[in-house]
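Let's take a walk through this one together, a stretch at a time. Have the viewer open and follow along.

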Amino acid sequence: MIGEWLVAALILLGAVLCAVSSFGLIRMPDVYTRSHAATKSSTLGVMSILLGAFLYFLLMHQVTSAKMLLAIAFLFATAPVAGHMIGRAAYRSGVPLSERSVQDDLAKKLRSENKRTGA
Amino acid sequence: MRRMKANDVILRTVAKLVVFIILAFAAHLFFAGHNDPGGGFIGGLVTASALVLLALAFDLKTVRKVVPVDFRIVTAIGLLVAVLTGVGSFAFDQPFLSHTFAYKELPFLGKKELATAVLFDLGVYLAVVGVTMTIILSIGEDR
């Protein structure tokens, strides 16, 4: 059964990606790299787990679950935006970058913007 | 707090798209409630969450303009609908809140089960949306 192997591979891949993402959450040095690790790989991981579950119900039980596809599209649209908003809020409230960072273009831009608005 | 021009194009664009998915899912939950998990309560909460997402991405003034209803009145209408479905059973010499159903041939949809319990659920839905939005909007407007 190729379907079973496909489902198993997708769910295992998703679980491994989620595990990698949580390792990234522990190992990365600052907020920005952590959100990089947390949003990308766990989004892909959850999406492939959902796709595996969708295929499981489609192939083994002949049930087409549109909710699962909707959830995949929803996660794909929202999880990166959540990461973006967290990173943005962190930067704007002055969370420092890792010491190993070499360039911070947004700081210059933000400073000139603040000078212009007089804040 | 520093005053800065809000520049959240990404959040706003995604909110505009996602709100429709959430509202469609809320409608699905509401109508699925008879035979599957779902119903008026969770459908109302999901609808309220879509409105809260709009209020987060834009602001309360915009939400009030887009959805120009007083949510206290929505709560009242919901309670009224729920009570009226109960009172309606008196017209057929049945005890209070006796529900009935029938199979009808609908245009486009085919043969569907129409139950009066859905009307009661509609009352629950409206009451939940009204109460949740009243709580959140009245807390959010506090300075």
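A polar contact here is a pair of N or O atoms within 3.5 Å; inside protein, one of the two has to be able to donate a hydrogen and the other to accept it. Keep in mind as you look around that this is a predicted model.

With that cut-off in hand, go to B:Thr85, which sits in helix 4 of chain B, the run covering residues 71–88. Its side chain reaches the backbone oxygen of B:Ala82 at 2.6 Å, and since the limit is 3.5 Å, that pair lies within it. B:Thr85 is also buried, because its relative accessible area is 14% and the threshold for buried is under 20%. What does B:Thr85 touch once its neighbours within four places in sequence are left aside? The contacts are B:His99, B:Thr116, B:Leu119 and B:Phe120.

Strand 1 of chain B (residues 101–106) and strand 2 of chain B (residues 110–115) pair in the antiparallel sense, over six bridges. To get your bearings, find B:Phe101, which stands opposite B:Ala115 in strand 2 of chain B. Three residues lie between the strands, and B:Phe108 in this hairpin takes a positive phi near 70°.

Next, helix 2 of chain B, residues 40–57. Its 18 residues reach 26 Å from the first C-alpha to the last, close to the 26 Å expected at 1.5 Å a residue.

Now for charges. Side chains of opposite charge can pair when their charged atoms come close. How many salt bridges turn up over all chains? A search of the whole structure finds two. One joins B:Arg12 to B:Asp8, with the closest N and O atoms 3.4 Å apart. B:Asp8 counts as buried, because its relative accessibility is 16%, while B:Arg12 is partly exposed at 32%. In the other, the side chains of B:Asp70 and B:Arg72 meet at 3.7 Å, N to O. B:Asp70 is partly exposed, with a relative accessible area of 36%, and B:Arg72 counts as exposed at 59%.

Over to chain A. A:Ser21 is found in helix 1 of chain A, residues 2–27, and counts as buried at 6% relative accessibility. Leaving aside neighbours within four places in sequence, A:Ser21 is in contact with A:Ala37, A:Ala38, A:Ser41 and A:Ser42.

Last stop: A:Ile72, in helix 3 of chain A, residues 66–92. A:Ile72 counts as buried because its relative accessibility is 12%. With neighbours within four places in sequence again set aside, its contacts are A:Met47, A:Leu50 and A:Leu51. Then look along the chain to A:Gly94, 22 residues away from A:Ile72: their C-alpha atoms are separated by 33 Å.

Methods. Residues are numbered from 1 along each chain as its sequence is written. Chains are lettered from A and ligands numbered from 1 in the order in which they are written. This is a predicted model: local features need pLDDT of at least 70, side-chain atom pairs count only at pLDDT 80 or more; totals for chains, interfaces and linings use all residues. Side-chain values use heavy atoms; hydrogens and water are left out. Helices (H or I, at least four residues) and strands (E, at least two) are DSSP runs, numbered from the N terminus. Buried means under 20% relative accessible area, exposed over 50%, partly exposed in between (1.4 Å probe, protein chains only). Contact means heavy atoms within 4.5 Å. A salt bridge is a side-chain nitrogen of Lys or Arg within 4 Å of a carboxyl oxygen of Asp or Glu. Two strands pair if DSSP finds at least two bridges between them. The expected span of a helix is 1.5 Å times one less than its number of residues.
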